[in-house]
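Colleague: I would like to learn how to read a model with you, one feature at a time. Shall we start?

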Amino acid sequence: MNMKEQVLIKPDGTRLDGRKPNELRPIKMEVGVLEKSDGSAYLEHGGTRVFAAVFGPKEMHPKHLALPSRAVLRLRYHMASFSVEDRKSLGMTRREIELSKVIRQALESVIFLEEFPRSSIDIFAEIVQADGGTRCAAITASSLALADAGIPMLDLLPAVAAGKVGGKVVLDLSDVEDKYGEADMPVAISPRLNAALLFQLNGRLSLGEFDEAWELARQGCSKIYEMQRNALKNRYETYKPEEET
Amino acid sequence: MTAYFSGKEPSFTVKLLHDRVYELLAEDKRLDGRTPMDIRKIDIKTNVIEKAEGSAMVSMGGTRIIAGVKNDIGQPFSDRPNEGVFAVNAELLPLASKSFEAGPPSEQGVELARIVDRSIRESRAIDLEKLCFIPGQKAYVIFLDFYVLDYDGNYFDPAVLAAVAALSTAKLPKYEVVNGQLEKKEETIPISLRTIPVSITIGLIKDKMLVDPSLAEQSSLDTSLVATFDSEGNLCAVQKNSSGYIPLDLMKNILTVAKERTDFIRSRFMELAKVG
């Protein structure tokens with residue numbers, strides 16, 4: 001009943017799922033998974049599963065939202081009703097509205113939007129199962145979908161959370177660790193820009209713990225970055241457009 | 001690529017402003033005569049609304065917020081059966097700025113409410129377990145609602161101050177559990193806060209930093225973030241709240257500044273709000 005009694009770090013120093021503090025959960029990525037979109041990706045990050053699809057650059061609707069000097073990026077982060085323990089209500093919650101904003105603002109700065117004046121680029125990230133780290137999974141997957149759509153970018157954008165659970169600073173919090181842990185810090189870092197594009201923190205960290213968590217998040221992002229590059233290579237190294245029949 | 005290309009239409013004047021603000025920052029100056037680390041004048045009035053259980057009016061320069069606390073009895077959330085419920089709502093009133101529109105909460109309004117919520121909740125300022133009467137059944141529901149009345153940039157920091165001021169002066173009707181039923185008493189009880197969370201908004205232009213941006217400065221920034229610290233110096237909430245990116249080599253410096261500035265604002269708050 002009482003959350004404070006939830007044990008998150010076992011006596012041998014490992015976590016509930018057997019991971020070491022600096023260990024990522026198993027990650028699987030696939031690019032080009034949805035037929036009708038211009039670019040798409042599917043990502044499994046631990047128990048979190050997300051589809052991302054990109055439409056565009058295309059003509060902006062409604063037209064009055066178009067900008068003469070660049071494309072407008074629109075992004076919807078959304079969770080399926082069955083993705084969580086207690087059924088999520090349909091439609092957009094306040095949490096989803098906020099996360100759509102911060103994810104959009106993370107991706108906005110790696111896309112060459114000024115290459116596509118008057119147009120829109122629409123991204124949909126659908127969480128079909130949530131097991132912690134869904135906003136980060138949405139960024140990692142959306143970034144792959146953008147690459148799959150052939151949209152020019154400064155960099156791929158990997159994202160992962162670090163935080164503090166059971167008194168220990170750890171990488172890549174699971175759902176239980178996020179719920180009962182002390183702090184959750186989702187971060188997206190572009191290795192090429194050497195800069196943070198998403199940075200949020202919920203929970204208490206001393207500045208010393210922050211430094212430690214930040215370093216874990218940075219290392220986690222570089223690992224996911226490599227996986228992103230491999231996922232794109234897997235798709236395109238041997239890719240031959242299907243022949244018309 | 002800088003943020004002014006992505007947040008909105010990069011007008012020529014915004015680019016000029018960006019360069020001007022940067023030039024000034026290089027000389028430790030700002031458009032309104034402040035130095036980069038200066039916070040605008042803070043003003044705090046508490047108990048401004050008698051009908052509310054607690055209330056405050058806070059201004060930071062030209063930005064003004066009114067916050068009120070109301071309470072109700074309700075059921076704890078199923079995943080937090082031993083805790084009272086705390087809910088935060090924000091509204092960007094159309095009278096505060098020509099850029100705010102009436103209607104359902106905008107993306108900005110939702111973000112503001114959630115940052116204030118996080119600052120208070122994650123700092124564990126309110127002992128929510130004390131607000132529960134019968135686990136899983138009856139608990140206080142504390143509503144903290146606030147409205148932006150006048151908007152001249154950076155509503156995050158005055159909003160957190162207004163929230164803390166309203167909560168720390170709030171008086172809840174007292175209840176007692178008698179035979180499994182709640183009985184309302186004549187007396188009132190305070191919501192005693194365990195810590196004073198304070199936030200600071202930091203703006204970046206290239207390698208330069210400024211705090212508490214005014215509306216004019218805000219449009220010229222490459223990026224910005226809001227960081228909240230508790231009285232003990234723990235970081236308890238952060239949000240990068242605009243496009244653009246934060247160079248990793250600036251991160252340490254940003255947080256050092258954020259901690260020092262929140263300590264300063266907290267001491268001002270204690271003087272002005274006259275709360276324990």
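**Where the chains pair**

Modeller: Gladly. B:Ile246 of β13(B) is the bridge partner of A:Ala196. Helices and strands here are DSSP runs, H or I of at least four residues for helices and E of at least two for strands, numbered from the N terminus. This is a predicted model, in which local features need pLDDT of at least 70 and side-chain atom pairs count only at pLDDT 80 or more, while totals for chains, interfaces and linings use all residues. Residues are numbered from 1 along each chain as its sequence is written, and chains are lettered from A and ligands numbered from 1 in the order in which they are written.

Colleague: How many bridges join β9(A) to β13(B)?

Modeller: Two strands pair if DSSP finds at least two bridges between them. Here 2 bridges join β9(A) to β13(B), residues 246–247, and the strands run antiparallel.

Colleague: Which element gives the largest share of the side of chain A that touches chain B?

Modeller: Let me begin with the contact itself, where two residues count if their C-beta atoms, placed from the backbone, lie within 7 Å. Chain A contributes 33 residues and chain B 34 residues. On the side of chain A, α1 (94–108), β9 (195–205) and α4 (207–236) are the elements giving two or more residues. The largest share, 11 residues, comes from β9(A). By class, that side has 16 nonpolar, 10 polar and 7 charged residues. Nonpolar covers Ala, Val, Leu, Ile, Met, Phe, Trp, Tyr, Cys and Pro, charged covers Asp, Glu, Lys and Arg, and the others, Gly among them, are polar.

Colleague: Now the helices. What describes two packed helices?

Modeller: The angle between their axes and the distance between the axes. The axes are lines fitted to C-alpha atoms, for helices over the stretch in contact, with angles from 0 to 180 degrees between N-to-C directions. In chain B, α2 (residues 107–122) and α3 (residues 156–168) pack at about 50°, with axes 10 Å apart. That angle makes α2(B) oblique to α3(B); under 35 degrees would be roughly parallel, over 145 roughly antiparallel, 65 to 115 roughly perpendicular, and the rest is oblique. The residues in contact include B:Leu112 and B:Ile115 of α2(B) and B:Phe156 and B:Ala159 of α3(B). By class, this contact has 8 nonpolar, 1 polar and no charged residues.

Colleague: And B:Thr201: is this residue buried or exposed?

Modeller: We count other C-beta atoms, placed from the backbone, within 10 Å of the residue's own: 20 or more is buried, 12 or fewer exposed, and in between partly exposed. B:Thr201 has 28 such neighbours, so this residue is buried. B:Thr201 lies in β9 (residues 198–205) of chain B. Leaving aside neighbours within four places in sequence, its contacts include B:Phe156 and B:Asp212.

Colleague: What is the phi of B:Asp212?

Modeller: Phi is positive there, about 50°, although B:Asp212 is not a glycine. B:Asp212 sits in the loop between β10 (208–211) and α4 (215–218) of chain B and is buried, with 25 C-beta neighbours inside 10 Å. B:Asp28 has a positive phi too, near 65°, but B:Asp28 is exposed, with 11 other C-beta atoms within 10 Å.

Colleague: Which peptide bond involving A:Pro57 is cis?

Modeller: The bond from A:Gly56 to A:Pro57, with omega near 0°. A:Pro57 lies in β3 (residues 48–59) of chain A.
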